Amino acid sequence: MVNTRPLQVYDDLESDSEEETLTEDDEDEDKKTTKDQDSGDFSDTDFLGYRKSAVQYYGSHTEEGSEGHDSCNLTRDWEAYKQASNPLYGEPGHVLITETMLIREVLWMLFGVKDSFIFVYTGEKFLIRDSIVLSHLTEKMVDSVLYDLTKYGGYIQKLEQFEQEVTSCSYHANSDDNIISQTYQSFQSAVALGFLDSFKKEITRIEKIIVKQEETITLSSLHATLKPWLHKLDILYSVYVKGIKEAEWLPSNYQKSSHLISVLYEAITEFDALGEFSKDVVDLLLPLWIQTTKPYIDIIDNWITNGVLCDPRLEFIVRRNESVKSLDEKFWEIAFTIHVPEDDPSKSKIQDQTDVLDDTSTFSEFFSHWAPQFLQPVLVEIILAGKSMELLQDLGKLAEVVGHKGDITYKATPLYTMFLDSLQDMLGTKNNTKDFQQEKTTNSYSLFSPHIEQQMKIKGIYDPLLRINFEAIFSACVNNLERSSLADTSYNDWLTVSLVRDGLQPIDQLLQKCLYPHIKHKYVHVCSKLVQILKEEYHLMEYLATMRHFFLMEAGDTMFDFYTQIFDMIRLNEHWRDASVLNLCLHEALQARFPEEINRLDITVESLNPNKEINPINITDCVKLQFKVPWPVNVVINSQCQQVYNEIFCFLLQIKRAKYCLDELRFFDLEKDNILHSISTDDITLSMNDGLSQPARIHRMQVLRMRLLHFVNSLHNYIMTRILHSTGLEFKEELQKATDLDQIISVHTKFVNKIHERCLLHKKVAFLKEAVMRVLNLILTFQSRWDQGIQEVSVKTIVVMETEFSRCIQFLSSFLNNVIKRGSFPHLESLAFALITSTEHVVKN
């Protein structure tokens, strides 16, 4: 037993002249208080009236026990025995109280009263004064009986202290650090209204029984009566400790709110798994969780219904980047981010894999664990619906999604209300709510009196819009007055109703079935509407087709007219690196078949990197296509995608140039005589040392040309058919299946990246591209030798070109053959087969 000092409230109560019975005025006030309590009203003032009616038993004297029964003299006999057995034993100066007095102090403590004679509150827990004894119980017995009760008294104090802190910070917060989240406020309100008020009403009911003195109440019977309540209090306090106290170290409101909601959700699922043994606990925690999640669900509802992410307390898992406007092409990527702590290891992980995370669904897999547990399965749908709503709002199409045509007063049903309705239907509590609402409707009254109704029509002019505005103004006042009582009654109905469910269906699945369908319905409705608007009104599919036509050269005839002019100027050594010249060539090619694209498609000439080795095949890398994509289509076709498109375009231009160079070779150019070249001694020596006649060298050049042409045609057919055409068909099919803008962006990005990788432009296959580039450079060298004529081509030159080509072909064919055998890249089979057949001539020789 801990020795404690007397409380200050009793310091002035040691006078022996104080009366120990009620005065006549006190008796009248007590009767009035009892009458009010019998009528069902309840307040803290009424309860304090009971305290005032108690007999003052806190003097410093020791009262003698009753002589009626031996057990009533247990304390006196035990003290006499200790004095007789120990001559040095001194009288401790105990205060002898009755069990009724002790019970009333216990009730006051459980009611939340700190100032007590028997119990001393230290700020953390209640202690029992060591001078208190009962006539029929020993000190140790009293301690053992009161230990649990003092523990629960401490729980009450902690919960009420949390309530005071939340209330105080909610109204007096001057900085962001002191802002209490709305989730905490809802939890505090739910605890106060849902449990503490009911618990205090039970305490008051027991107190009234004691005051009436019509029934006998002992500590044992009191403990038995309060046992169900104390069990609930124990569970509630454990949720408070795990959800609130253990989360104090978390720096942000979104972490604290998410942690609290998840703790409540886990507690519900855990106790629900115990079946009928924990039905009372589930009935307690379920309304508590529903009320706590209301701010979170309201934030989601406002976002996916109105397109506004309103989070004044920064407790939602998603935040809006205000620096990114909706007209920005990167709006879909960076306008909304998921709250992640700086020390989260997944944050560094995602930074290392930014090239992989090209859609919201993949992004959320890394960070969804910071969202409340019950929202994690639908977090992606929530984010996509919210993004789509904001985009629709900026497009001016919000009314087509939210309202009904011709109904200016339409207001969507809140998500929280739909969730409660579904839950009440599933739990069998819908009838009670309907009866209550029907009673409210029956008792409702008209906003306008008959006299006002007559005045509004007496002039013969009936304006329905004016009437609607008046009704909105007056009904707002009435609704504000009735909303608080309606909310309290509805919440109390949740606490008192008997939850009817089969018991075989887990409560977590039940909650998901009541909430997820509403979120997914809004997601499907909003996202499909946005996709429809983008396709029909903003011609998204036509812009994607334009990118394939020109960047991927699907419009072969038009692009042939364009790039052949460039290749001819390069072959004739004319000046071609001029944007105006190239744009003129492009527009001439577009004029015949795509005149509407002339104002959207331009050519820019960029300077090549001087530090990088420039091969003849790379001189066309400076040519870049620029396509003017309007908003909001640029959300899908952004500048980053156009950059990848241009890399593919440059690679295709290199293949087209090599193929065009070989196609344009003429036999008479190789066999012509150079009249400007006179036969000199060196030429005679060259002719003698060659060992081959001119027809033989011409034949070898023609054979080498066919081998080069076979390679470039195989590569060209592989790229244009197996890669671009086949992948384009898959892209169109997946694009038709896309139900939201995020899927469209993901499908388009994967399509571009797949082509980029299969065109050997990825860093992982850079060695393959280098071998291909060596062959393409060899083709340009071969073309220049061909144009010079056979007299300028020696056998040594032919052998060097043949050897170089054979090495590249053998390397490519052997590597691709090994890859095909493993079954890793089936799309390379056609190219590998073509290269293998081109090496058979070398193998035979």
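Before the first entry, a definition: the axes I used are lines fitted to C-alpha atoms, for helices over the stretch in contact, and the angles run from 0 to 180 degrees between N-to-C directions. I also kept in mind that this is a predicted model.

**Entry: a helix pair.** I looked up helix α20 (residues 507-536) and helix α28 (residues 741-758), and found that their axes come within 9 Å and cross at roughly 55°. On the α20 side, I noted Y523, L530, V531, L534 and K535 in the contact, and on the α28 side L741, Q743 and I744. Sorted by type, the residues of this contact come out as six nonpolar, one polar and one charged.

**Entry: cavities.** How many cavities of 30 Å³ or more does the whole structure hold? My search returned six. I then turned to the largest cavity, with a volume of about 80 Å³. Its lining consists of F711, L715, L760, L768, V772, L812, L816, L828, L831 and L835. Which helices supply at least two residues each? I found α27 (694-737), α29 (766-788), α30 (795-822) and α31 (829-838).

**Entry: the whole protein.** Stepping back, I counted 32 helices and eight strands. Of the 845 residues, 46% count as buried. Among contacts with a separation of 6 or more, 75% join residues 24 or more positions apart.

Terms used: Residues numbered from 1 in each chain as written. Predicted model: local features only at pLDDT ≥ 70, side-chain atom pairs only at ≥ 80, totals over all residues. Heavy atoms only, no water. 1 Å grid on protein atoms, 1.4 Å probe; cavity = no way out; pocket = protein on both sides within 12 Å on 5 of 7 lines; lining within 4 Å. Points joined across faces, edges and corners; volume = space filled by probe spheres on them. Helix = DSSP H or I, 4+ residues; strand = E, 2+ residues; numbered from the N terminus. Contact = heavy atoms within 4.5 Å. Nonpolar A, V, L, I, M, F, W, Y, C, P; charged D, E, K, R; others polar. Buried < 20%, exposed > 50% of the residue type's maximum accessible area, 1.4 Å probe, protein only.
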